Amino acid sequence: MVVNEFIQCKSCNTLINLRAQAGYMSIPFSIDCPTCSSNIIGTMGEMENNFVLIKIRNAKRIHTNPENLADTYYSFELSAEFLTRKVLQKSWTSDYELSPFLRNFNGQAFINQSISKAFVFLNFISEHKWDDLKRLINLNLNGNGSQKYTLVSLNEKLQESNSNLKKVKTPLEVSVALHHMLLVDSGLEFIFGQKQLKDYTNYAKKIYTQKDVLIDYIKENHSDIDSKIKEFHQEFMNLINEFAKIYNQLLPVVSIRINNSIGETDLEGLGITTLNYEQINQFYSHSYEFILRNMNIIFILNNIFVRGDALKYPNDKSLDQFNKISDYNKLSKIDSSEPFSKPVDSLKNKIRNSIAHYDVSVERNLQMITYKDRNNTEKLWYVELANLCLENLSLAFYLNELYYTIEKYKFIVDGVPFNPTLK
């Protein structure tokens with residue numbers, strides 16, 4: 001159902017139509033008046049069983065007869081779930097147009113599968129299951145005996161979990177169960193891709209073929225590896241928690257990614273109403289830095305599998321020589337032909353630098369962000385920025401899978417019995 005509200009800019013009295021796709025979620029919006037560029041901020045959502053304009057700033061709500069105020073008006077589409085067309089000027093005799101729901105309808109499969117999959121993590125958050133899982137994971141990471149506090153609660157939650165573990169006792173089993181729950185209960189697997197999850201399993205099998213070399217490397221560098229694994233997991237949880245806070249803004253792009261239609265999207269005509277570009281910029285920057293800080297695991301595994309030595313880096317560089325290369329320049333050293341390499345096209349240094357230097361501007365109604373890094377300029381649509389963030393999330397999960405696999409072998413070194421069925 002489409003709900004129409006009319007507002008009038010407080011600065012220039014321009015008449016504006018808010019054409020909202022009513023749904024289960026509130027729709028925050030930030031638009032610029034097409035006449036005077038005043039920024040108008042508000043929220044539409046449910047109040048007393050009606051989907052209405054809840055609050056508005058820099059404009060006033062028109063309650064009756066907006067057609068008496070002007071012959072034409074500007075129309076903005078709003079939706080929390082779907083891509084929406086961008087602002088256009090209309091008259092009272094303008095042609096009928098489809099709702100965001102119908103415009104995005106691409107067969108029943110799209111509605112039932114893409115949207116429902118995108119909502120799994122959102123529901124996981126709203127039902128406070130994410131807070132519970134985060135608490136258990138953080139307890140497990142704290143060490144100092146904190147893991148014992150996870151057992152009772154974790155074993156209760158495992159009874160309703162999709163994990164194949166239903167009761168855990170050892171530290172290894174706890175880590176595996178929490179890892180399973182993060183992937184298959186939260187719905188995050190739909191966001192970075194179920195195919196990716198299958199690929200992760202294949203990478204784990206590949207690592208197993210060199211487990212003796214890996215175990216020797218862990219023994220020789222135990223203290224550093226133990227510290228790095230804990231540091232990684234804490235940073236990873238912070239990143240996922242930040243993602244959880246902005247996830248509702250990314251729903252439309254998650255849906256079209258699940259539907260494999262991101263490349264077919266009309267970015268000039270369609271966009272995301274709910275996106276707060278400052279928050280999404282921040283997540284992009286944080287995820288970018290997280291990946292750069294932790295990508296050395298890719299080189300270590302490639303070193304083992306290609307050069308037979310964890311500390312023998314590309315071009316015969318030693319660890320000390322390799323560490324002198326800046327993190328960003330290390331990206332160019334990733335050889336796509338080596339077994340654990342992944343595309344890193346989403347890591348754009350110019351955008352990261354621009355965000356860090358606060359040299360970012362936005363055209364809200366076009367949904368176009370301009371990034372300036374010295375004399376270089378790059379422009380992104382809102383949808384493109386959201387997609388880059390989701391690509392970074394996928395890379396972060398890939399790194400998590402590699403560290404998780406290394407951690408399982410560290411348990412062997414620590415004398416914890418290894419159960420090969422724990423995947």
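Colleague: In which kind of crossing, left-handed or right-handed, does α9 pass α10?
Modeller: This is a predicted model, in which local features need pLDDT of at least 70 and side-chain atom pairs count only at pLDDT 80 or more, while totals for chains, interfaces and linings use all residues. Residues are numbered from 1 along each chain as its sequence is written, and side-chain values use heavy atoms, with hydrogens and water left out. A crossing is left-handed if the near helix is turned anticlockwise from the far one by less than a right angle, and right-handed if clockwise; helices (H or I, at least four residues) and strands (E, at least two) are DSSP runs numbered from the N terminus. By that convention, the way α9 passes α10 is left-handed.

Colleague: At roughly what angle do the axes of helix α9 and helix α10 cross?
Modeller: Axes are lines fitted to C-alpha atoms, for helices over the stretch in contact, and angles run from 0 to 180 degrees between N-to-C directions. Angles under 35 degrees count as roughly parallel, over 145 as roughly antiparallel, 65 to 115 as roughly perpendicular and the rest as oblique, and α9 and α10 are therefore roughly antiparallel to each other. The axes of α9 (residues 222-258) and α10 (residues 277-294) come within 10 Å, and they cross at roughly 160 degrees.

Colleague: How many charged residues does the contact of α9 with α10 have?
Modeller: Contact means heavy atoms within 4.5 Å, and the residues making it include Phe232, Glu235 and Phe236 of α9 and Phe283, His286 and Arg293 of α10. For the classes, Ala, Val, Leu, Ile, Met, Phe, Trp, Tyr, Cys and Pro count as nonpolar, Asp, Glu, Lys and Arg as charged, and the others, Gly among them, as polar. The contact of α9 with α10 has nine nonpolar and six polar residues, and the number of charged residues is four.

Colleague: How far apart are the axes of helix α3 and helix α5?
Modeller: α3 and α5 are therefore roughly antiparallel to each other, and α3 passes α5 in a left-handed crossing. Trp130, Leu133, Leu136, Ile137 and Asn140 in α3 meet Val174, Ser175, Leu178, Met181 and Leu182 in α5, a contact with eight nonpolar, two polar and no charged residues. The angle between α3 (residues 129-142) and α5 (residues 171-185) is about 150 degrees, and the separation of their axes is 11 Å.

Colleague: Which residues are buried in helix α4?
Modeller: Buried means under 20% relative accessible area, exposed over 50%, and partly exposed in between (1.4 Å probe, protein chains only). What covers the buried residues of α4 includes α3 and α5. In α4 (residues 151-158), the buried residues are Ser153, Leu154, Asn155 and Leu158.

Colleague: What is the order of the open sheet of five strands?
Modeller: Two strands pair if DSSP finds at least two bridges between them. Strand β2 (residues 15-21) and β7 pair in the parallel sense over five bridges, whereas four bridges join β7 to β9 (residues 88-91) in an antiparallel arrangement. The pairing of the sheet is mixed, and the order of its strands is β6-β1-β2-β7-β9.

Colleague: How many of the seven residues of strand β7 are buried?
Modeller: Phe76 has its place in β7 and, at 6% relative accessibility, counts as buried. Leaving aside neighbours within four places in sequence, Phe76 is in contact with residues including Ile16, Leu18, Val87 and Asn365. Strand β7 (residues 72-78) is largely enclosed by the rest of the structure, so the number of its seven residues that are buried is five.

Colleague: Which residue in β9 stands opposite Thr72?
Modeller: On the β2 side of β7, Ile16 stands opposite Tyr74, and Asn17 stands opposite Ser75. On the side of β9, the residue opposite Thr72 is Ser91.

Colleague: In β13, which residue is the bridge partner of Thr370?
Modeller: An open sheet of three strands has the order β11-β12-β13, with antiparallel pairing, and its edge strands, each pairing on one side only, are β11 (360-363) and β13 (376-381). Strand β12 (residues 368-373) pairs with β13 over six bridges. The bridge partner of Thr370 in β13 is Lys379.

Colleague: In which helix is the place of Asn392?
Modeller: At 0% relative accessibility, Asn392 counts as buried. Neighbours within four places in sequence aside, Asn392 is in contact with Tyr284, Ser287, Tyr288, Ile291, Ser346 and Leu347. The helix that holds Asn392, spanning residues 382-413, is α15.
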